[in-house]
Amino acid sequence: ALLPRAARALEGACVLLTAGPTREPLDPVRFLSNRSSGQMGFALAAALRELGASVVMIAGPTALPTPPSVERIDVETALEMYLAVMTRVADCDVFVATAAVADYRPVNVAEHKIKKHADEFTLHLVRNPDILGEVAALTASPFTVGFAAETDHVIDYARAKLQHKQLNMIAANQVGGAQGGFECTDNALTVIWDDGQCELPMQPKSQLARQLAQCIAERYQIYHA
Ligand code: CTP
Ligand code: CA
């Protein structure tokens with residue numbers, strides 16, 4: 001459901017968002033992936049839509065239903081996500097990267113199931129494109145928002161990513177512990193921009209997503225003005 005018109009801070013804006021994990025195949029039956037459930041990204045897509053934005057979501061494999069009135073494009077690998085983003089980015093005002101994109105993919109994808117032989121097995125991996133970094137580096141880049149999931153030095157690493165990737169905002173969260181993040185229904189975020197930051201306290205991801213959407217809308221309006 002959309003909010004009343006007066007509260008729709010993103011009315012008329014187009015948001016492109018990535019969500020979920022990616023899967024990098026090794027052979028027809030195996031892949032490398034990560035613990036992202038896609039919950040935060042899907043909740044954020046819904047919350048941005050509630051603020052009146054038109055939302056296109058490029059989603060990796062998840063078990064989640066598509067939020068109401070969100071256009072969803074399903075992808076599997078980081079390269080597919082990259083292509084889906086790059087073909088649509090020119091039409092968007094805001095780009096939000098919530099996806100947990102695999103940093104590396106296997107160099108070769110075996111045509112047949114890999115059989116076990118030796119006691120050791122080495123995987124040869126190659127870097128995937130940095131989707132968020134490439135979007136932010138475009139000459140006519142949209143307002144870009146990234147995420148930083150970190151196990152330690154959360155704020156320092158997130159601020160470094162904000163500067164290094166030249167983002168407009170980054171949402172940082174602690175992962176890999178009892179603090180929330182991946183595989184949790186609750187989470188907390190620190191939202192960081194060039195000259196400020198704000199704390200969004202531990203709460204269910206659906207509520208947290210609404211607060212983050214408000215925060216994105218506020219900064220976008222200042223940037224856009
Ligand atoms: N991201 C992306 N494409 C990639 C890797 C990351 O778009 N190939 C985006 C994520 O969606 C997230 C942000 O970049 O919004 C930061 O991801 P993260 O994994 O925390 O940072 P990296 O830049 O990949 O650095 P590292 O994993 O080494 O910390
Ligand atoms: Ca990474």
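I begin with ligand 1: one of its oxygen atoms lies 2.6 Å from a backbone N or O atom of Ala99, a polar contact being a pair of N or O atoms within 3.5 Å. Please note that this is a predicted model, in which local features need pLDDT of at least 70, side-chain atom pairs count only at pLDDT 80 or more, and totals for chains, interfaces and linings use all residues. Residues are numbered from 1 along each chain as written, chains are lettered from A and ligands numbered from 1 in written order, and side-chain values use heavy atoms, without hydrogens or water.

Two further backbone contacts follow. A polar backbone atom of Pro129 is 2.8 Å from a nitrogen atom of ligand 1, and a polar backbone atom of Leu132 is 2.8 Å from an oxygen atom of ligand 1. On its own, ligand 1 has 560 Å² of accessible area (Shrake-Rupley method, 1.4 Å probe), of which the protein covers 75%.

Which elements give two or more residues to the shell around ligand 1? They are helix 3 (131-136) and strand 9 (143-150), where helices are DSSP runs of H or I with at least four residues and strands are runs of E with at least two, numbered from the N terminus. Strand 9 gives the most, with 4 residues.

Asp103 lies in the loop between strand 6 (94-97) and strand 7 (104-106).

Methods: A polar contact is a pair of N or O atoms within 3.5 Å; within protein, one must be able to donate a hydrogen and the other to accept it, and residues adjacent in sequence count only if both atoms are side-chain atoms.
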